Amino acid sequence: MLLSIEQATVPGRLQAFSAQVNSGDLIHLLGPNGAGKSSLLARLAGLLPGQGVVRLVGKPLEAWPRTLLARRRAWLPQQQQQPGQMAVFHYLQLHLAEEKPGQDTLLAHLIAAFQLRDKLTRPLTQLSGGEWQRVRLMAVLLQVWPCAAQPATLLLLDEPYAGLDVAQQQALDGELTAFCRAGGAVITSGHDLNHSLRHARNVWLMQQGKVVQQGRAEAVLQPDTLRALYGLAFRKLQSEGESWLVAEEMR
Ligand SMILES: Nc1ncnc2c1ncn2[C@@H]1O[C@H](COP(=O)(O)OP(=O)(O)OP(=O)(O)O)[C@@H](O)[C@H]1O
């Protein structure tokens, strides 16, 4: 087991929550604004204090030396200021491991996937919002991409799709799927129910600081459940073997 969450809390923001995350899992965290998604992600990253225990490959987060933890789990906050004027390539280099076989190939692959080749010498402060998001995503992927020495790693992404155009959203889908196939696990927060229906393996639904449901996306994302969560009526449509959720206008 990669991550074991035992009665983890954040006072005033997250009620006691227990779950297990395995290598290969791709989990979407959904729920209304203020439900506690960011708080849960930050707690799992070991960056918010609280009760309970969070174990990464069996060891409590607090017992991990900082440098080793940084190679095992990465966290992408919802928003982040550019750390100064440095060039994109320099920023990415800061996230590379000293020695990791295949890292150069991975770097070239991610530069192409996120279409950053012609931005590499640009100062971070001169990127658009979506470009900075792609650079941040690339950095955390590089930081913990699974390798033979560390096959099981964890990526915690707070609203990673925000600001990405549709092609870049697809690129990110592809990289996260590859990351999980390589042995990592991903937990992301977001607000796009139909994207979660298609892309997530599991969904955790949150409401008022509590995880109220967890399970397969197709099973959890049901109109009645969503109505209770968002106060909106939903319909689930079927088309060519795919399901779609549509929020209906309330009269
Ligand atoms: N720094 C903070 N200090 C105290 N309370 C906070 C802080 N940040 C958020 N909260 C509160 O904690 C609760 C959960 O917030 P959180 O940011 O985890 O929700 P979220 O589900 O990620 O929301 P959103 O979808 O709007 O990003 C909210 O009631 C919020 O007001």
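Biologist: How far apart do the end C-alpha atoms of residues 3–233 lie, and how much of the span is helix and strand?

Modeller: They lie 35 Å apart, with 36% helix and 23% strand in the span. Helices (H or I, at least four residues) and strands (E, at least two) are DSSP runs, numbered from the N terminus. Mind you, this is a predicted model, where local features need pLDDT of at least 70 and side-chain atom pairs count only at pLDDT 80 or more, while totals for chains, interfaces and linings use all residues. Residue numbers start from 1 along each chain as its sequence is written.

Biologist: Where does UniProt place the feature "domain: ABC transporter"?

Modeller: The unreviewed UniProt entry gives that feature at residues 3–233. UniProt positions follow the numbering used here, feature names are shortened, and annotations may be inferred rather than shown by experiment.

Biologist: Why are β2 and β5 said to stand at the edges?

Modeller: Start with the order: four strands form an open sheet, β2-β1-β4-β5, with antiparallel pairing. β2 (14–21) and β5 (59–60) each have a single partner strand, so one side of each is left without a neighbour in the sheet.

Biologist: How do you know that strand β1 is joined to β2?

Modeller: Strands pair if DSSP finds at least two bridges between them. Five bridges join β1 (residues 3–10) to β2, so the pair passes the cut-off.

Biologist: What makes Gly31 buried?

Modeller: Buried takes 20 or more other C-beta atoms within 10 Å of a residue's own, exposed 12 or fewer, and partly exposed is in between, with C-beta atoms placed from the backbone. Gly31 has 25 within 10 Å, so buried is the word. Gly31 lies in the loop between β3 (26–30) and α1.

Biologist: And why does Pro32 count as partly exposed?

Modeller: Pro32 has 15 C-beta neighbours inside 10 Å, so it falls in between. Pro32 is also in the loop between β3 and α1.

Biologist: Which residues is Pro32 in contact with, leaving aside neighbours within four places in sequence?

Modeller: Gln207, Leu229 and Tyr230. Contact here is C-beta atoms, placed from the backbone, within 7 Å of each other. UniProt lists both Gly31 and Pro32 in its "binding site" feature (unreviewed entry).

Biologist: What makes Gln208 stand out in phi?

Modeller: Its phi is positive, about 45°, although Gln208 is not a glycine. Most residues other than glycine have a negative phi. Gln208 lies in the loop between β9 (202–207) and β10 (210–216). With 12 other C-beta atoms within 10 Å, Gln208 is exposed. Gln115 also has a positive phi, near 50°, but is partly exposed, with 14 other C-beta atoms within 10 Å.

Biologist: Which residues point one way from strand β7, and which the other way?

Modeller: Leu154 and Leu156 point one way, Leu155 and Leu157 the other, and all are buried. In a regular strand the side chains alternate between the two faces of the sheet. Four bridges join β6 (residues 73–76) to β7, running parallel, and Trp75 stands opposite Leu156. Four bridges also join β7 to β8 (residues 185–189), again parallel, with Ala185 as the bridge partner of Leu154.

Conventions. Contact = placed C-beta atoms within 7 Å.
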